Amino acid sequence: MSRYFGTDGFRGEANVVLTADHAYAIGRFLGWYYGREHRARIVIGKDTRRSSYMFESALCAGLAASGADACTLHVTTTPSVAYVARTEDFDCGIMISASHNPFYDNGIKLLNGNGEKMEETVIALVEDYLDGHGDEIAYATGTDIGRIIDYAAGRNRYMGYLMSLAVHSFQGVRIGLDCANGSTWQIAKSVFDALGADTYVIHNEPDGVNINTNCGSTHMENLRRLVRENGLDVGFAFDGDADRCLAVDERGNLVNGDQIMYLCARSMKEQGLLGDTHLVTTVMSNIGLYKALDALGIGYEKTRVGDRFVWECMRAGGHLIGGEQSGHIIFAKHATTGDGMITALKIMEAMLGRKQPLSQLVAPVTIYPQVLKNVVVTDKDTAMQNAAVQAAVQRCEARLGDSGRMLLRKSGTEPLLRVMAEAETDEACHQAVDEVIDAMRAEGLLVRVK
């Protein structure tokens, strides 16, 4: 397991878990690693957290000290960094963000020159350097010292790319936008206004500490209210770094990532764009999604939780669309990572193309009740493999039949097991989850239910 970097970067409380010294060292290593045969070029973006400016300065100093040119996009989205990295000949990209976490957390996400999550081999070398292993990296001197370059033009080109993806005018469409006081606070309104929409924007006044605070894709109630009270046609909510998007239909109902993937995959199939490829989901997607896909004859794959695993499956199988319930959705033709803005544009394409409101487009997906409980156990592997626990899971699966399912999986970062059930009723879900947890308790494996 990685020592610092998880599936979504090096993340933790700013200057407690992730410090300015870490950022400087990461810059030092990457500047040297990519600059062994040429002057390295590395593009950097950040969200609106107060600490993001500190980490940007530390990264830039480390990169320049190793002889690399650091090109700063300033406040921008994670997918924009990926786009610029892969289209403008950068050695790699860095995004400073803790996504949907509160402001006091931050993170450093590394992307390769193709705009994909950084290879594990390179991550391991970065972590070795952070731990003080390997040779000392010499400082660049004289004309070899790197430059720090204002690269806001790259962000503008990304916005132009987004606008080019729209196939319909948004003239007369009333759209609500919740920018989470984060990375889309300037981008979202600019793009939708340019496409002709009438925009109603909330949470676009970042102050460094209000990112994700009761807003954005993790707090949908404000956008739902905005859509209902103003009679809007649709609403879109982004997370802190805008690699996720959730929607609200014209009635003010939440439309989650599973429903969005359904309507987009269906639209692609109807346009003849899906071919023989499948929709890639994670094991957390709702059984209602799979039943709706079966009815359309659209195949699907299931991966471990995490956008990295979704993208790896898409790339290996040549699949064109994949994502998670959270709204982190990847359109392989257009991006290498989840892009909340592209997701919103694709929803608009489906609505305008079929001339139907969002509520009708997602109506075929019946979201089954889902209950998830996190349980602290003495040992994850022992609990997972315990015969009594497995027997309880199998009993529940047999009882639920085709109308539900059980999922028992390990947390990647904590001493937890996640026990999840889907069924036709909340009562059946709770009964199944509690039965598996009771088996752990009876076997002496349970510490507590979190």
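**A tour of helices and cysteines**

Select helix H3: Thr-78, Pro-79, Ser-80, Val-81, Ala-82, Tyr-83, Val-84 and Ala-85 are buried there (under 20% relative accessible area, with a 1.4 Å probe and protein chains only; over 50% is exposed, in between partly exposed). Helices (H or I, at least four residues) and strands (E, at least two) are DSSP runs numbered from the N terminus. This is a predicted model, where local features need pLDDT of at least 70 and side-chain atom pairs pLDDT 80 or more, while totals for chains, interfaces and linings use all residues. Numbering runs from 1 along each chain as its sequence is written, and side-chain values use heavy atoms, without hydrogens or water.

Eight of the 10 residues of H3 (78-87) are buried, so the rest of the structure largely encloses this helix. Now show its partners: strands E3 (41-46), E4 (69-75), E5 (92-96) and E6 (105-112), plus helix H5 (152-165), pack against the buried residues of H3. Step just past H3 to Asp-89, which has a positive phi of about 60°.

Next, the cysteines. The whole structure has zero disulfides (cysteine sulfur pairs within 2.5 Å). Select Cys-60 and Cys-71: the sulfur of Cys-60 has its closest cysteine sulfur in Cys-71, 9.1 Å away, too far for a bond. Cys-60 is buried, at 3% relative accessible area. Move to Cys-396: the nearest cysteine sulfur, in Cys-429, is 11 Å away, and Cys-396 is in no disulfide. Cys-396 is also buried, at 0% relative accessibility.

Definitions and conventions
Contact = heavy atoms within 4.5 Å.
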